[in-house]
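Please open the model in the viewer and keep the selection panel at hand.

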Amino acid sequence: MDIGEALRYLGAANPSEELRRQAAEIAGSIRETPRYTYRVFGVSRMPEGVSLEGCGVVLAGRMAETMLSECSQAALMACTLGAEFDRRLRAMQARDMSSAVILDACGSALVESGCDAVEAELAGRFPERFLTDRFSPGYGDLPLDVQPEVCAALDASRRLGLYVTGSLLLNPMKSVTAVIGLSDRPQAARIRGCAYCRLREDCPYRKGGTCCGEGM
Amino acid sequence: MERECKEFFKDKLLILDGAMGTELQKRGLKPGGVPELLNLTDPELLKGVYRDYAAAGSQVVYANTFGANGLKLARTGYSPSEVIEAAVSVAREAVSETGTLVALDVGPLGELLEPMGSLPFEKAYGYFREMAEAGAAAGADLAVVETMTDLQEARAALLAVKESTDLPVFVTMSFDETGRTFTGCTVASMARTLEGLGADAVGLNCSLGPDKLAPLLKELCENTRLPVIAKPNAGLPDPVDGHYDMGPAAFV
């Protein structure tokens with residue numbers, strides 16, 4: 001797990017040595033490892049959005065259309081730290097709130113590292129192809145209400161113990177679902193990087209002459 | 001009923017069926033659909049699966065009712081009792097000449113119970129009760145509660161079947177390599193809780209292949225006097241073509 005990323009989730013642009021040490025210690029106490037699953041589907045374009053063939057998932061909106069414009073296939077993925085992490089986080093929130101905030105950020109960084117592992121596995125499985133940035137329901141104009149279909153297509157409750165609540169949130173809390181396009185040509189970054197970021201105008205990292213890590 | 005259930009195990013060994021979802025996918029079902037609606041839309045497809053399992057030696061076939069609960073069917077416009085009634089009679093028709101038993105299959109509701117999720121225990125019990133009553137009315141020989149990962153949910157299902165019907169109940173849960181379910185339940189706590197609540201057999205299903213299930217089965221046998229059930233997965237499906245990586249030989 002990337003402690004720098006956990007510190008960024010904490011909003012610590014210039015973390016003190018003490019905070020770094022604390023974050024590293026809390027990160028080291030996490031026993032959970034991210035569990036993930038993914039599936040690759042053919043892609044076809046329909047009036048209502050980009051359809052992932054054979055699973056009934058249709059990705060509506062301009063972002064999916066742009067991101068997958070050059071892709072003949074796309075992977076759906078899901079990753080979670082599981083229910084046990086949530087339970088520990090709740091316990092920590094009752095005992096020591098400042099540690100809980102750090103644990104929360106570490107959990108976010110850890111689940112993202114699981115998503116990175118899926119990308120690496122996909123890249124290994126399709127060495128001749130190029131991946132798009134990954135993007136998720138609720139991100140940009142990709143509606144959150146596709147979440148139940150995405151989880152059903154991945155059989156996520158059986159495979160990962162991952163559920164969608166009535167209000168379309170993922171449960172356990174530290175979970176991500178995402179789409180990654182596969183193309184025969186190198187894919188331009190369309191999400192990651194300062195040029196594409198909505199927060200670029202008043203970003204605290206940019207003010208300090210650096211970037212957040214996604215900006216690299 | 002007590003007597004009947006003992007009869008199930010009179011030969012010491014009761015052979016259950018194999019996977020339903022996998023068979024349906026082999027026969028063309030798309031991932032992510034609602035497979036329970038096939039009971040109404042394509043009974044012949046299902047009968048083929050039941051007949052094949054009965055011919056292969058299954059003494060029990062699981063009717064296609066795994067997700068036929070009020071929560072999962074809510075958006076389909078069908079009620080659990082319609083779907084379950086159809087499912088049990090389709091299965092019965094397919095195997096009536098073989099003496100094979102037909103089980104009401106009860107899977108997880110698809111939402112987490114409190115406190116991890118927002119579904120109250122009483123509501124979960126209500127959904128399971130609705131299934132159990134429909135299954136008994138449709139003439140199922142027994143109920144199997146399977147693929148549970150939360151002991152609370154397994155309890156709700158077991159209690160609902162026991163309290164509203166006379167059907168024998170088998171309960172199986174899914175464990176990973178760590179010997180726990182996704183929500184942290186161990187084999188020993190499952191076995192002791194479910195035996196205490198009156199399950200007729202307990203066991204393990206899904207998640208792991210036969211090779212990795214063996215040590216967990218040993219732990220299960222050490223913690224219960226009930227007949228035990230093993231219903232492993234054929235490994236994991238390939239992310240690209242969706243096929244499972246183990247063939248029938250791995251189960252022998």
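Select helix α4 (residues 83-95) of chain A together with α5(A): in this predicted model the two helices pack at an angle of about 155°, with their axes 7 Å apart. Axes here are lines fitted to C-alpha atoms, for helices over the stretch in contact, and angles run from 0 to 180 degrees between N-to-C directions. Helices (H or I, at least four residues) and strands (E, at least two) are DSSP runs, numbered from the N terminus. α4(A) and α5(A) are therefore roughly antiparallel to each other; angles under 35 degrees count as roughly parallel, over 145 as roughly antiparallel, 65 to 115 as roughly perpendicular and the rest as oblique. The crossing of α4(A) over α5(A) is left-handed, a term used if the near helix is turned anticlockwise from the far one by less than a right angle, with right-handed used if clockwise.

Now display the side chains of this pair. From α4(A), the residues A:Phe85, A:Arg88, A:Leu89, A:Met92, A:Gln93 and A:Arg95 meet A:Met97, A:Ser99, A:Ala100, A:Leu103, A:Asp104 and A:Gly107 of α5(A), contact meaning heavy atoms within 4.5 Å. By class, this contact holds six nonpolar, three polar and three charged residues. Ala, Val, Leu, Ile, Met, Phe, Trp, Tyr, Cys and Pro count as nonpolar, Asp, Glu, Lys and Arg as charged, and the others, Gly among them, as polar.

Residues are numbered from 1 along each chain as its sequence is written, while chains are lettered from A and ligands numbered from 1 in the order in which they are written. As the model is predicted, local features need pLDDT of at least 70 and side-chain atom pairs count only at pLDDT 80 or more, whereas totals for chains, interfaces and linings use all residues; side-chain values use heavy atoms, with hydrogens and water left out.

On the α2(A) side the contact involves A:Leu19, A:Gln22, A:Ala23, A:Ile26 and A:Ala27, and on the α5(A) side A:Ser99, A:Ile102, A:Leu103 and A:Cys106. Seven of these residues are nonpolar, two polar and none charged.

Move to chain B and select α4 (residues 43-55) and α5 (residues 80-95), which pack at an angle of about 50° with their axes 8 Å apart. α4(B) and α5(B) are therefore oblique to each other, and their crossing is right-handed. The α4(B) residues in contact include B:Leu46, B:Tyr50 and B:Arg51, and those of α5(B) include B:Val90, B:Glu93 and B:Val95. The contact has nine nonpolar, no polar and three charged residues.

Next, inspect the backbone. Most residues other than glycine have a negative phi, and most peptide bonds are trans. The bond from A:Asn171 to A:Pro172 is cis, with omega near 5°; A:Pro172 sits in the loop between β7 (170-171) and β8 (175-183) of chain A. The bond from B:Glu114 to B:Pro115 is also cis, with omega near 5°, and B:Pro115 belongs to the loop between β2 (101-106) and α6 (121-137) of chain B. B:Lys12 has a positive phi, near 75°, and is placed in the loop between α1 (2-8) and α2 (21-26) of chain B.

Which residues line the largest cavity? Select A:Tyr163, A:Val164, A:Thr165, A:Asn171, B:Glu111, B:Leu112, B:Gly117 and B:Ser118. On a 1 Å grid over the protein atoms alone, a cavity is a set of points where a 1.4 Å probe fits but cannot get out, and lining residues have an atom within 4 Å of a point. The volume is about 40 Å³, taken as the space filled by probe spheres set on the points, which are joined across faces, edges and corners. The lining comprises three nonpolar, four polar and one charged residue.

Key. 1 Å grid on protein atoms, 1.4 Å probe; cavity = no way out; pocket = protein on both sides within 12 Å on 5 of 7 lines; lining within 4 Å.
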